[in-house]
Amino acid sequence: MGQGNIVQHRRYVGFAYVFMFFALLTVVCAALAYLLARKVAIVDDTEVWLHAHALWIMRNVLLFVLMALFAALWFIPLFFFAWNSAQWVTAMAVIGVVFAAIALLFLLNAWLQGMLKFFKQKAVF
């Protein structure tokens, strides 16, 4: 494997971590992080620690998107009822906020753990 491929893979994983951080703001960045990490994960002759980081990013972005979708389900009654129309609507919205906060904290923790290992050039798993 050439030195250029290693540098390119490190760059892809680095950009994937940047987009993983920006995924806290929008899901489009999560998709970009997933795709950049996938470019490294499908290559057979990449270094082990880079491959581990790519799989780490893919796994955590997918889990984040699933948790965000689950949190979004709790906001569905807000489309049909006003916020103060019934107490259960308010309770559902509060539960949705709690689950959304859990999803955001999960992604932030995964990003921080991955970045710390990435700068040390060690596998993240």
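The side chain of H53 reaches the backbone oxygen of K122 at 2.8 Å, a polar contact (a pair of N or O atoms within 3.5 Å; within protein, one must be able to donate a hydrogen and the other to accept it, and residues adjacent in sequence count only if both atoms are side-chain atoms). The model is predicted: local features need pLDDT of at least 70, side-chain atom pairs count only at pLDDT 80 or more, and totals for chains, interfaces and linings use all residues. Residues are numbered from 1 along each chain as its sequence is written, and side-chain values use heavy atoms, leaving out hydrogens and water.

H53 is found in helix α3; helices are DSSP runs of H or I, at least four residues, numbered from the N terminus. At 0% relative accessibility H53 is buried, that is, under 20% relative accessible area with a 1.4 Å probe, protein chains only. Beyond four places in sequence, H53 is in contact (heavy atoms within 4.5 Å) with residues including Y17, G114, K117 and F118.

Two helices can be set side by side; the expected span is 1.5 Å times one less than the number of residues.

| Helix | Residue count | End-to-end C-alpha distance | Expected span |
|---|---|---|---|
| α2 | 15 residues | 21 Å | 21 Å |

Helix α3 packs against α4 (residues 87–120) at about 175 degrees, with axes 9 Å apart. The two are therefore roughly antiparallel, the term for angles over 145 degrees. H53, W56 and N60 are among the α3 residues making this contact.

In α2, the buried residues include C29, L36 and V40. The buried residues of α2 fall within an arc of 145 degrees, so they line one face of the helix.

Key
Buried < 20%, exposed > 50% of the residue type's maximum accessible area, 1.4 Å probe, protein only. Arc of directions from axis to C-beta. Axes fitted to C-alpha atoms, helices over the stretch in contact; angles between N-to-C directions. Parallel < 35°, antiparallel > 145°, perpendicular 65-115°, else oblique.
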